[in-house]
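Visitor: I have a structure open and would like to learn how to read it. Can we go through it feature by feature?

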Amino acid sequence: MTPTGPRFTGWMRQVLRVAVTAAVALTLAGCATNSSRAGTTHHSSSTTRPGGSATSATTTTTPISTARWLTYGGSFARLSLDDTDPAFTHEPTSAWTSPALDAPVYGEPLVYNGQVFVATENDTVYALSATSGAQAWSDHLASPVPAGMLPCGDITPTVGITSTMVIDPVSGTLFASAEVLSGSSIEHLVYAIDIATHQVRWSRDVDQPGWTAGAQLQRIGLALSDGHVIVGFGGNFGDCGTYHGWVVGVPESGTGALLTYEVPTAREGAIWAPAGVTVTIAGYILVVTGNGSAEAGQPFDHGDAVIELSPAFAELAYFAPSNWAQDNADDGDLGSTAVMILDVSRLFIVGKEQTGYLLDFNHLGGIGGQLSSIELCNSRGGNAYLAPELYVVCPSAGTIEQVRIGSGTTMTRGWTWTSPTGQAGSPTIAGGVLWTVDIGASVLYGVDLSTGVTLYTVPLTTGTPPHFAAPSAAGGMLFVAGASHVEAFN
């Protein structure tokens with residue numbers, strides 16, 4: 001399908017936004033053409049690997065006052081990559097530990113304008129100095145929901161802001177999505193916070209008619225596309241109640257109609273991957289769904305799928321594994337990670353199904369339409385990519401698997417790194433090193449990208465990190481959030 005007419009206008013707005021946010025850890029090159037929804041080449045070009053040679057002339061660290069990490073993984077391509085700084089050549093040391101927070105942090109820390117931003121399960125947003133960790137300000141937005149009011153789940157004692165927030169540097173706005181208790185009712189509100197004044201510009205109820213609010217969890221990281229904040233919904237841990245996967249687009253102005261897409265399954269089809277939906281420069285949105293309710297012999301119901309939406313939320317295409325019905329029955333779906341944009345023509349997805357799929361960016365292929373596949377693991381959280389290698393987290397196995405992406409449709413297995421306590425966390429690449437939080441040991445490990453050998457072992461003082469914890473990276477520093485504090489390393 002060729003982007004023309006109104007889509008081209010949306011593309012122009014998105015290009016302007018990306019031009020300003022280029023310091024996010026994603027190098028953008030090329031331009032959109034009328035033959036591609038991708039709109040850009042996503043690649044990495046400036047990292048020096050330990051023991052290797054530099055691939056660019058980058059030799060100095062971006063000052064922390066101008067460094068940025070504005071969304072989960074540093075970019076809407078969900079690469080979990082900061083390739084703007086020179087290689088780490090020493091074991092990181094703690095630069096600071098924040099004052100105590102009022103509840104655990106489940107989302108990734110964000111970095112912008114010399115500050116680090118986190119949000120807690122008590123519906124509180126904090127801004128910390130990126131150089132000292134001192135609290136610049138905090139906004140307690142609302143009362144969180146007591147866990148006992150929900151039909152099931154594993155976040156306790158309250159559920160508040162669970163997803164990773166997102167920053168629009170053009171308007172200087174921080175967007176957060178909170179589950180709140182309003183009287184005796186559960187609501188889902190999106191907040192727009194002015195970063196300079198930390199005042200709430202607006203809040204917006206995004207609950208949908210007819211759904212049971214307590215059964216809908218907003219876990220997936222937020223995104224921006226074509227002037228909208230993109231918010232995804234799934235269910236609580238345990239898959240209880242009648243819930244559906246939803247995507248809601250909230251105008252960044254706070255006014256105007258919401259955009260919505262409901263996964264067309266009778267039940268479930270959660271959109272919950274912590275790493276977020278994926279957004280192309282052309283404004284197209286790639287969402288991944290959890291298991292649907294359809295069984296073998298029934299029509300495909302868009303569970304266990306990668307679904308492409310236009311900037312206006314019209315469904316354009318999808319991919320699903322040939323064994324989608326069995327995945328639905330086994331809770332073995334793709335919905336636990338985000339689509340990764342490898343380049344202008346290829347995507348990668350892996351989930352609980354234990355198979356990694358290479359997809360055609362411009363033709364998702366429908367059922368069984370992958371370019372190629374490779375046996376991997378039950379992957380949940382976020383993964384990382386520095387061309388030509390992928391790094392896939394396998395929490396159940398306590399490992400991270402390297403996958404080499406060749407030309408065309410080639411994928412091959414590389415090394416396997418095993419966590420000393422068997423609880424590997426979602427990886428981030430920064431300074432030529434792969435960083436992963438071992439939740440069981442509260443340790444940050446640095447792993448050699450080429451060999452899978454552990455280079456650095458750094459104890460954390462954050463309190464036990466929650467599920468799917470991943471470090472953020474900006475300005476030659478690493479940031480890790482946990483149950484009670486944020487800690488920075490350099």
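Visitor: Which backbone nitrogen does the side chain of Asp85 reach at 2.7 Å?

Guide: That of Gly476. Asp85 also lies 8.3 Å from Ala474, C-alpha to C-alpha, although 389 residues separate the two in sequence.

Visitor: Where does Asp85 lie, and is Asp85 buried or exposed?

Guide: Look in the loop between strand S3 (81-82) and strand S4 (94-97). Strands (E, at least two residues) and helices (H or I, at least four) are DSSP runs, numbered from the N terminus. Buried means under 20% relative accessible area, exposed over 50%, and partly exposed in between (1.4 Å probe, protein chains only). Asp85 has 4%, so it counts as buried.

Visitor: How do I read a sheet? What is the order of the four strands in the open sheet?

Guide: Two strands pair if DSSP finds at least two bridges between them. Here the order is S4-S38-S37-S36, with antiparallel pairing. S4 and strand S36 (472-474) are the edges, each pairing on one side only. S36 pairs with strand S37 (residues 477-481) over three bridges, in the antiparallel sense.

Visitor: How many disulfides does a search of the whole structure find?

Guide: A disulfide is a pair of cysteine sulfur atoms within 2.5 Å, and the search finds two. One joins Cys152 to Cys240, S to S 2.0 Å. This link is left-handed, with -90 degrees about the S-S bond. Cys152 sits in the loop between strand S9 (145-146) and strand S10 (158-159), and Cys240 in the loop between strand S16 (228-233) and strand S17 (246-251), so the pair ties together parts 88 residues apart in sequence. Cys240 is buried, at 15% relative accessible area.

Visitor: What about Cys377 and Cys394?

Guide: They form a disulfide too, with sulfur atoms 2.0 Å apart. The torsion about its S-S bond is about -70 degrees, so this disulfide is left-handed. Cys377 is in the loop between strand S27 (372-375) and strand S28 (384-386), while Cys394 is in strand S29 (residues 389-394), 17 residues apart. Cys377 is buried at 8%, and Cys394 is buried at 1%. Number the bonded cysteines in sequence order and the pairing reads 1-2, 3-4.

Visitor: What is the mean pLDDT of the chain?

Guide: pLDDT is the predictor's confidence in each residue, from 0 to 100. The mean is 89, and 88% of the residues reach 70 or more. Over residues 1-36, though, pLDDT stays under 50, and the model has 71 contacts (heavy atoms within 4.5 Å) for them beyond four places in sequence. Residues 39-59 are also below 50. Where pLDDT is low, the predicted coordinates should not be read in detail.

How values were computed: Residues numbered from 1 in each chain as written. Predicted model: local features only at pLDDT ≥ 70, side-chain atom pairs only at ≥ 80, totals over all residues. Heavy atoms only, no water. Polar contact = N/O pair within 3.5 Å; in protein donor to acceptor, adjacent residues only side chain to side chain.
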